[in-house]
Amino acid sequence: MTTPLLAAYSAYIKTSLAVQFQYRVSMMIWMIGRIVQPLIYLVVWTTIARTRGAEIGGYDAGEFAAYFIMQMIVSQATFSWIMWEYDYIIRSGQFSFKLLRPIHPIHSDVADNVAYKILTLFILIPAALLLAWLFPPTFTFQWWSVSAGILSIGTAFVVRFTIEWTLAMAALWTNRVSAINQAYEVLLIFLSGSFAPLAVMPRPLQLLADVLPFRWLIAFPIELTLGRLTPQAALLGFAMQAFWLILALTTLSFVWRAGVKQYSAVGS
Amino acid sequence: MSQPAIYLEQLQKTYLVPERDAGVVAAAKSLVRRKQRAIKAVDGVSFTVAPGEVVGFLGPNGAGKTTTLKMLAGLLHPTAGVGRVLDYEPWQRKRDFLRAITLVMGQRNQLNWDIPASDSFELNRVIYRVPLADYQQTLHELTELLDLSPLLSKPVRNLSLGERMKCEIAAALLHRPRVLFLDEPTIGLDVTAQRRIREFIREYNARHNATILLTSHYMADVEALCLRVVVIHHGRLLFDGPLADLVTRFSPHKTIAVDLERPIASAEAARFGEVISQSDSRLLVRVPKQETPKVASRLLAELPVNDLTIEDPPIEEVIEQVFAQESTP
């Protein structure tokens, strides 16, 4: 069972790399957009920290720099565009072809995403190094937290992809998916620690972030990698990731079954 | 009798579609209360197809052909009824079922436009878990039958419609399905390409004893490939039997074609039946079937006839009549 699935992934990734390689320029432009966003936050927060001459929520200028460089990496590693794509996939009839294949459609979507991440690594790494040179970061390097951090980024990707793929299935019921997607993105930006470290946010928002999945997908891997968490906090973070993973996978399988039944293959 | 490859019993599919009148007021109303209308796309269709049989599935646009094919291919769940393909319930979409069938939609593409078809073929090989040796043999066979070798290495977007369709069909058959659902496989193709695809389908059927359910608006496809046709209209079964019987049953007319020694006046020609065409010395008349022998002998007796043939009307015409009769209740 495992070997054919691995072979399928390898074939999907190869095909996807070949396709995406055709769109080098648009990929560059898209990547620039994704680098600029954390860059803006980085500039704003380091400037505030410098002018105040004091820490904000436990972050000085160098720590803000470290936080947002890491934010760029974690966001890039975990993001997907699948919710924005499914409406088209369904309307264009591609969904029918996905259903005809003797393999769950999520695998080709994951492979597409991974292929894109592999290609963009060649832009991401230089961008991170450049930012680190322009805004010298300060953080505590610990082997255990960096290794655990990398693991947590992997888990965060799986959880986030599962959530976003489930949301993408909304397109099987409604053609107003972009409203749902917008709402999701807003929550993600503010409650994941993308816009600012959660420590600088008002207490009620922090509490809200604790009970929602977003912070465990972005803020937790960043803080863990940068050595800002105790081993206990790290364990709690992994437990929360596991909790959300189980919940997301259960929801996915339920939504998937109902969605396929609902699918009307209109005009395709 | 062996088990049928395809079996449908009272298969139904009802779509619920939102409905509202035009205009802003109606739009605002629909926010509060959504009206939905049930449309019966397939309304209790039953038939079976034996293994290795090629059946033409006919009907006008909106008759429910594509919906039926999609249910049989596992894309749609029916509202009611029984459907079995190779003894699987299609909409459970079991992997072994999906590996045994294929659906070709003439108006949709599965091949990726940005890469050569051969790359997509290789992907299908892995996804369908086709052993390498089998794959090479099938690919070789398809390449030869469809003349693919000059096409395989070009990005699909650079191929013509006909070339693309050949590659689409090849991609859909690499896993050597035992049941083929072909929905308008020749649509939009020129006559040569149509013939090529048609010949290929026949050859595939002969070599692999594959079961084929085919829809097409081109009667040439149906005539060349299908001994049997199933006709549906408004989601209901109208006819199921040999193509020849369709003509006998639905066309109460025959066409008599005569070559004359000299042209005759049109008034004179009209005495024999409904004149379909008349040019110089050639005359085509439509006559009620039971009167054919009588009219033929009158023609021979009363006109200077060089040659006379009695023909069934073209299948297109018959089909048109079938649908016309059905839509005027």
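How many salt bridges are there between chain A and chain B? The count is zero, where a salt bridge would be a side-chain nitrogen of Lys or Arg within 4 Å of a carboxyl oxygen of Asp or Glu.

A quick word on the ground rules. This is a predicted model, with local features needing pLDDT of at least 70 and side-chain atom pairs counting only at pLDDT 80 or more, while totals for chains, interfaces and linings use all residues. Residues are numbered from 1 along each chain as its sequence is written, chains are lettered from A in the order in which they are written, and side-chain values use heavy atoms, leaving out hydrogens and water.

Here is the interface in brief.

| Item | Value |
|---|---|
| Area buried between chain A and chain B | about 2700 Å² |
| Share of it on carbon and sulfur atoms | 62% |
| Residues from chain A in the contact | 30 residues |
| Residues from chain B in the contact | 26 residues |

Buried area here is the accessible area (1.4 Å probe) that two parts lose on being put together, summed over both; contact means heavy atoms within 4.5 Å. Phe97(A), Leu100(A) and Pro102(A) supply 27% of what chain A buries against chain B, more than any other three residues.

As for helices (DSSP runs of H or I, at least four residues, numbered from the N terminus), α1 (2-21), α5 (94-100) and α12 (231-262) of chain A each put at least two residues into the side that touches chain B. The most comes from α1(A), with eight residues.
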